[in-house]
Amino acid sequence: MTILTIANQKGGVGKTTSAVTLAHGLALAGQHTLLVDLDPQGHVAFALGMDKAPGLYRMVVDEEPITNVAIYSRENLDIVPGDKKTEKAKRTIVISNFPTEILSRVLKNAPYDVVILDMAPSLDVLHVSALMASDWVLIPTKLDAM
């Protein structure tokens with residue numbers, strides 16, 4: 001399994017667009033892909049025409065396995081949507097033992113070829129945990145003319 005985090009502290013640079021497009025492309029190429037929305041705004045679900053849901057909250061707070069939380073979206077593409085409960089999950093992560101390893105533990109043995117983590121435009125313990133769990137990091141940028 002390969003884990004890719006898409007992150008940037010700045011908003012509006014195309015993190016979610018990159019995550020959704022890359023996940024869909026990998027799924028079309030036959031890779032069993034999981035897209036995890038770690039942003040409380042839940043834009044991954046919106047981009048795919050789905051309802052927001054407390055995916056990370058269910059995995060971290062309720063300790064549900066990823067296979068119970070992931071929602072089938074398309075062939076080879078499952079989604080763990082985000083919503084406002086992602087903030088509550090982050091607070092749980094902060095007070096947990098080994099908070100930087102929480103995503104590594106949650107994703108361990110996930111039955112996917114590729115996992116893509118879509119981050120919020122901020123920097124917190126969830127970002128550190130995502131970076132620790134990742135094999136790769138993609139940092140989208142928006143180049144503005146002066």
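Predicted model: local features only at pLDDT ≥ 70, side-chain atom pairs only at ≥ 80, totals over all residues.
Residues are numbered from 1 along each chain as its sequence is written, and side-chain values use heavy atoms, with hydrogens and water left out.

Fold. I looked up the secondary structure, taken as DSSP runs (helices H or I, at least four residues; strands E, at least two) and numbered from the N terminus, and found 7 helices and 6 strands. Along the sequence I read the pattern β-α-β-α-α-α-β-β-α-α-β-α-β.

Burial and contacts. Buried residues (under 20% relative accessible area, 1.4 Å probe, protein chains only) make up 46% of the 146 residues. I then took contacts (heavy atoms within 4.5 Å) with a separation of 6 or more, and residues 24 or more positions apart account for 78% of them.

Cores. I searched for nonpolar cores, meaning sets of buried Ala, Val, Leu, Ile, Met, Phe, Trp, Tyr and Cys residues joined through side-chain atoms within 4.5 Å. The largest has 28 residues, of which L56, L103 and L117 touch the most other members. Among the elements that each supply at least two residues of this core are β2 (33–38), α3 (55–60), α5 (85–95) and β5 (114–119). Leaving aside neighbours within four places in sequence, I found L56 in contact with L38, V61, V80, P81, T86, A89, I93, L103 and L126. Apart from this core I recorded another, of 15 residues, including I6, V20, L35 and I79.

Definitions and conventions: Buried < 20%, exposed > 50% of the residue type's maximum accessible area, 1.4 Å probe, protein only.
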